[in-house]
Amino acid sequence: MAEGQIYKIHSDFYYVDDGQKTHECKIREVLKKQKEKFLVGDFVEFENGVIKKLIQRKNFIKRPSVANIDQIIIVSALKEPDLDLHQLNRYISLTKYYNIPAVLCFNKEDLKWDKHLKEKIKKIYESLGYKIVYTSATEHKGIKNFEKLLEGKTSVLCGNSGVGKSSLVNAINPNLNLRTKEVSEKTQRGTHTTRHCEIIKINDISRIVDTPGFSNVKFDFIMPADVDLLFDDIAKFRDECKYSDCLHINEDGCNVLNNIEKINPSRYESYLAFIEEAGEYKERIKYEGRKQENSKKFVHNKHIAKISEKKRQSARNTLKQNIYKGIEYENE
């Protein structure tokens, strides 16, 4: 049986690269019945055009659906559209949730932009440990540095439409000729030119995943108490809060609020916005009764076995029985 990686999915066909050639495959029927989900980036075992087994992933992103990523490069435009720090914080928090390394790329350096931004970016994001590169796809500035970031890795390019993700890839390898589209003068926003996920070889050692975008990222899938873990600059103060469930908004004895001057205002504003989204999720599952106990829980891109409430209660009962037996034995 051969092994390969899914680099593209179209309808019911899965295109698998075994390192030498491409194979058009279908999913084994039993896997369909088991509702096994296969993603671009998955490594699989296949034979005679049939995928028979999914090899364990090291990580994945749910939307857009892609697996086995080495890093996420968050691309932002310095101008056209204007730099949106709130959106940048949103993408950074998403990479934290999935526990995938992130690199920050600021494109369109050739345009007239506020040079004070560079100092602001350095102060906020370099202090958090992020690698930063400045580029201009149109004037080929910083492209060598950008290409070096991709070296030997499978990278996902993340960012709003119109920031120049495809233009950057074309600047490295013009033969790829990825579709690009200008930003609308009226809305100052781009439109998506990519319709599906696909792994693209930049050269012999580097690959990127061309995706439809991350524009609809919203933290409506986690509980409010978990949001601070997505912000390193906030999380480092959380353990000294008076209450373990502190949300760092207006609580008494909040260590985050006591150190609020050490947190950049744009970061804290993003945190509050994500708390609100997570609060909507909490209310929704509360009133819809949709929260169900799963056999596994998802923590930092790893599925960990979760003991059911029934089994936990059984274990508690057994423990109590053993304690009572010990007490009876001592009293004899």
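Predicted model: local features only at pLDDT ≥ 70, side-chain atom pairs only at ≥ 80, totals over all residues.
The structure holds 14 salt bridges, a salt bridge being a side-chain nitrogen of Lys or Arg within 4 Å of a carboxyl oxygen of Asp or Glu. Local features need pLDDT of at least 70 and side-chain atom pairs count only at pLDDT 80 or more, while totals for chains, interfaces and linings use all residues. Residues are numbered from 1 along each chain as its sequence is written, and side-chain values use heavy atoms, with hydrogens and water left out.

**Pairs with partly exposed or exposed residues**

- Buried means under 20% relative accessible area, exposed over 50%, and partly exposed in between (1.4 Å probe, protein chains only).
- Glu-47 and Lys-52 form a salt bridge through their side chains, with an N to O distance of 3.0 Å.
- Glu-47 is partly exposed at 33% relative accessibility, and Lys-52 is partly exposed at 30%.
- Lys-79 and Asp-82 form another salt bridge, their closest N and O atoms lying 3.4 Å apart.
- Lys-79 is partly exposed with a relative accessible area of 30%, whereas Asp-82 is exposed at 51%.

**A buried pair between helices**

- In the salt bridge of Arg-90 with Glu-277, the closest N and O atoms are 2.9 Å apart.
- This pair links distant parts of the chain, 187 residues apart: Arg-90 belongs to helix α2 (residues 85-98) and Glu-277 to helix α8 (residues 265-288).
- Helices here are DSSP runs of H or I with at least four residues, numbered from the N terminus.
- Both Arg-90 and Glu-277 are buried.

Conventions:
Helix = DSSP H or I, 4+ residues; strand = E, 2+ residues; numbered from the N terminus.
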